[in-house]
Amino acid sequence: MGRRFLCTEVSIFLAGLCFASLSFSRGHIDGFGEQPLAKIAIHKATVALHDSASVKAYPLVLGIKGEDTDWVTVDLHYANPSVDDWVGVFSPAKFDGSACPPVNDPEEQTPYLCSAPIKYKYANHSNPGYTKTGNASLKFQLINQRADFSFALFSGGLSNPKLVAVSNSIVFANPKAPLYPRLAQGKPWDEMTVTWTSGYDIKEAVPFVEWGLKGENQVRSPAGTLTIDRNSMCGSPAWTVGWRDAGFIHTSFLKDLWPNSVYTYKMGHLLSNGTFIWSKSYSFKSSPYPGQDSLQRIIVFGDMGKAERDGSNEYSDYQPGSLNTTDQLIKDLKNVDIVFHIGDICYANGYISQWDQFTAQVEPIASTVPYMIGSGNHERDWPNSGSFYQNMDSGGECGVLAETMFYVPAENRAKFWYKTDYGMFRFCIADSEHDWREGSEQHRFIENCLATVDRQKQPWLIFAAHRVLGYSSDSYYGSEGSFEEPMGRQNLQRLWQKYRVDIAFYGHVHNYERTCPIYQNQCVNSEKNHYSGIVNGTIHVVAGGGGSHLSTFSEITPSWSLYRDYDFGFVKLTAFNRSSLLFEYKKSRDGRVYDSFTISREYSDVLACVHDSCDASTLAS
């Protein structure tokens with residue numbers, strides 16, 4: 001099918017719904033999973049409204065007390081029920097044909113639907129008697145997404161959907177409200193950025209953040225506004241059935257922060273009539289001064305994705321561990337200072353509505369501590385779009401959503417590599433979806449990031465990338481015989497060794513694995529849990545079990561692999577001071593520690609000469 005399709009009038013409640021083709025969503029490595037919305041064959045949908053079918057949704061107005069999440073009851077009746085009947089949630093509520101892209105090719109198939117639902121459930125979900133009585137009552141949890149909603153009953157299953165009834169529309173009390181703040185470190189250590197989503201164009205309202213030290217006078221900082229349009233997408237489904245207006249994305253820069261101090265903030269919009277629209281109030285603790293000796297706690301994981309608390313979209317078991325990881329972090333948030341989500345953020349795969357769903361899911365975390373993201377294949381990769389890998393994993397997003405929905409302190413957000421300092425830590429975040437090989441722009445960045453840290457003040461040097469550029473005994477990598485992403489460590493291990501990187505983190509592989517301190521495939525330390533003294537190798541950690549379907553290990557366990565876990569989990573780093581670091585791997589199911597080690601050393605141990613990491617010297621006196 002071509003990119004654009006003809007929109008045709010249909011004399012029903014839904015006026016002329018358009019079709020756009022689906023593209024399949026690729027799994028990676030050995031853990032395959034299909035985006036649940038991609039299972040719906042929207043291009044085959046037909047209209048078969050039936051007098052014996054009805055759908056009613058209530059309450060009519062959601063969030064009347066200012067909530068950005070609310071529950072809806074959907075009652076339905078159908079005289080010809082079937083086990084594969086399903087209900088889709090559509091927003092905007094009216095599937096207006098005018099919203100469909102025009103078509104220039106008269107041979108294109110005339111469609112009825114032009115967009116996928118936001119979520120769906122089978123009619124017999126929690127209604128086992130539906131196929132006998134034709135009656136069902138479903139509960140959906142909705143988030144405020146800047147438009148009204150309706151609920152459509154389909155027969156024919158997901159593969160051959162037939163629209164038989166559409167509900168009344170429902171809406172949030174303030175659909176344009178400023179929502180889902182995402183904190184991120186700014187480029188200077190004493191800057192915090194606040195990014196949020198609203199329905200207010202800058203022509204309609206002026207965005208800003210009101211903030212200040214807790215209990216003291218508040219000031220206001222302006223916000224910039226970005227938007228995303230369909231033409232900025234690179235392919236289907238992002239520019240076809242997956243397209244949905246992402247709203248207005250605002251970012252404000254809170255500058256000159258005092259170190260380790262608690263600030264309160266709220267987002268605001270000043271309307272042209274002088275009225276203020278406010279968000280809820282939030283708080284965060286500012287970053288410590290680089291090198292500051294204080295308790296610092298870091299969370300690292302990849303590949304979390306999103307899930308639905310109401311049971312929607314879960315029939316493919318797409319992101320089974322996502323909510324557990326989210327809930328464990330929320331539960332222990334008072335003991336967390338900053339989060340790194342290193343790629344494969346929400347697996348929207350071109351279904352734009354899912355970015356709102358994800359930012360709502362992580363809002364309790366991202367509104368309280370910096371939520372730093374990395375770029376993964378499911379955010380960036382698309383053929384002929386500048387990505388290093390020419391696959392279709394982003395579903396046509398080609399990085400646009402990730403670069404816009406979240407702020408990172410990169411020089412160019414289209415090139416998703418950056419450095420950030422947090423107290424005694426220096427983080428060098430690479431973008432594995434762009435060329436990292438020797439001679440590339442990114443390779444020069446990585447070396448500069450590693451070389452410019454003052455290890456006396458910031459002893460803990462961390463490298464991170466989405467794909468495994470170091471070591472993994474995942475079954476796919478094992479079958480390739482390399483136990484790494486091709487061309488990975490051959491281009492980077494010299495830098496890790498030269499600059500004495502402590503730990504290198506990766507996602508992409510959906511499990512947990514930790515190596516010994518290693519260089520050139522050889523363990524350089526026989527200890528397993530307590531490391532001290534000279535830094536003579538880098539520990540490589542796969543922390544890709546954030547929530548997406550799990551990846552199996554190879555049958556062979558390499559000698560450098562100290563701990564492997566086929567389960568969902570995340571890593572926590574705790575720096576007690578400049579000489580003592582605690583590493584913990586926790587399972588998402590219970591938050592308990594299942595693997596750990598400590599590093600104890602002094603500055604002189606970092607300076608010591610080791611293989612391929614000796615500074616030049618002279619015999620002259």
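**Cavities and overall build**

Tutor: This is a predicted model, and the residues lining its largest cavity divide into six nonpolar, six polar and two charged.

Student: What makes a space in this protein count as a cavity, and how many are there of 30 Å³ or more?

Tutor: A cavity is a set of points where a 1.4 Å probe fits but cannot get out, and by this rule the count comes to four cavities of 30 Å³ or more. The largest cavity has a volume of about 150 Å³. Among the 14 residues that line the largest cavity, those closest to its centre are Tyr531, Ile534, Val535, Gly537 and Ile599, while strand E28 (530-532) and strand E33 (593-600) are the elements that each give two or more residues to that lining.

Student: What is the volume of the second largest cavity, and which residues are closest to its centre?

Tutor: The second largest cavity holds about 80 Å³ of space, and of the 10 residues that line it, Gln35, Pro36, Lys306, Tyr318 and Gln354 are the closest to its centre. By class, that lining has four nonpolar, four polar and two charged residues.

Student: How many helices and strands does the protein have, and why is it called as compact as a globular protein of its length?

Tutor: The protein has nine helices and 33 strands. Its radius of gyration is 25 Å, and the globule rule gives 25 Å for 621 residues, so the protein is as compact as a globular protein of that length.

Student: What share of the residues count as buried?

Tutor: Buried means under 20% relative accessible area, and 61% of the 621 residues count as buried.

Methods
Residues are numbered from 1 along each chain as its sequence is written. This is a predicted model: local features need pLDDT of at least 70, side-chain atom pairs count only at pLDDT 80 or more; totals for chains, interfaces and linings use all residues. Side-chain values use heavy atoms; hydrogens and water are left out. On a 1 Å grid over the protein atoms alone, a cavity is a set of points where a 1.4 Å probe fits but cannot get out, and a pocket is an open set with protein on both sides within 12 Å along at least five of seven lines; lining residues have an atom within 4 Å of a point. Grid points are joined across faces, edges and corners, and a volume is the space filled by probe spheres set on the points. Helices (H or I, at least four residues) and strands (E, at least two) are DSSP runs, numbered from the N terminus. Ala, Val, Leu, Ile, Met, Phe, Trp, Tyr, Cys and Pro count as nonpolar, Asp, Glu, Lys and Arg as charged, and the others, Gly among them, as polar. The radius of gyration is taken over C-alpha atoms; the globule rule is 2.2 Å times the number of residues to the power 0.38. Buried means under 20% relative accessible area, exposed over 50%, partly exposed in between (1.4 Å probe, protein chains only).
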